[in-house]
Every structure is written in C-alpha cells, then in structure tokens.
Amino acid sequence: MKRENRQVMNALILVFQFGINMIVPIFLCCVLGIWIGDKTGISWMMIPFFFIGALAGFNNIFRMAKKLYPKDDKDRNHAKKNQ
C-alpha cells in the first residue's frame with residue numbers, strides 16, 4: 001500500500017475510534033438510565049445518564065488524543081528527527 005493511502009486509512013481509523021469512544025458510553029448510560037427509570041418509576045432518569053455518558057465519552061476522547069501528541073519539547077524534537 002502506498003504511503004499516502006496508509007495515511008488516509010490511519011486518519012479514517014482514528015475518526016472511527018473517536019466515534020466509537022463517544023457513542024458507546026452514551027448508549028450504555030442511556031440504556032442504564034432507562035432501566036433504572038423503569039425500576040424506580042422515574043421516567044426522566046435517562047437524561048442525567050445521557051450527560052454522564054457524554055462526559056465519559058469526552059474523557060475517553062481526551063485521553064486518546066493526549067496520547068497522540070508528544071508531552072514536551074524533547075518529545076517534539078525527537079518526533080521531528082524521526083520523520
């Protein structure tokens with residue numbers, strides 16, 4: 001595979017991972033909120049769980065993006081030399 005095609009595939013995979021890291025916690029928290037709402041009789045219980053899932057998804061994305069970028073100038077210089 002050509003280098004350009006590999007970079008495009010890596011970018012698409014990264015976008016897909018961001019989407020999965022955001023959607024899964026929201027979905028699971030919504031399902032949990034609906035289940036708890038049915039058990040307790042509180043129909044609006046899904047709403048706070050949706051926001052909890054969104055915060056968890058943003059946290060996952062932040063952690064993943066943080067790993068992608070070097071931490072300090074030494075790492076940046078080292079990354080530039082290796083390119």
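**View 1. The whole chain, helix by helix.** Helices here are DSSP runs of H or I with at least four residues, strands are E runs of at least two, and both are numbered from the N terminus. By that count the chain has three helices and zero strands, so from the N terminus on the order reads α-α-α. This is a predicted model, where local features need pLDDT of at least 70 and side-chain atom pairs count only at pLDDT 80 or more, while totals for chains, interfaces and linings use all residues. Numbering starts from 1 along each chain as its sequence is written, and side-chain values use heavy atoms, with hydrogens and water left out.

**View 2. The largest nonpolar core.** Take buried (under 20% relative accessible area, 1.4 Å probe, protein chains only) Ala, Val, Leu, Ile, Met, Phe, Trp, Tyr and Cys residues, join them through side-chain atoms within 4.5 Å, and you have a nonpolar core. The largest one has five residues: Met-22, Ile-26, Cys-30, Ala-54 and Ile-61. Helix H1 (3-40) and helix H2 (46-68) each give two or more of them, with H1 supplying the largest share, three residues.

**View 3. Around Ile-61.** Leaving out residues up to four places away in sequence, Ile-61 touches Phe-18, Asn-21 and Met-22; a contact means heavy atoms within 4.5 Å.

**View 4. Val-31 on helix H1.** Val-31 lies in helix H1. Is this residue buried or partly exposed? Val-31 is partly exposed, because its relative accessible area is 42%, and that class runs between the buried limit and the exposed one, which is over 50%.
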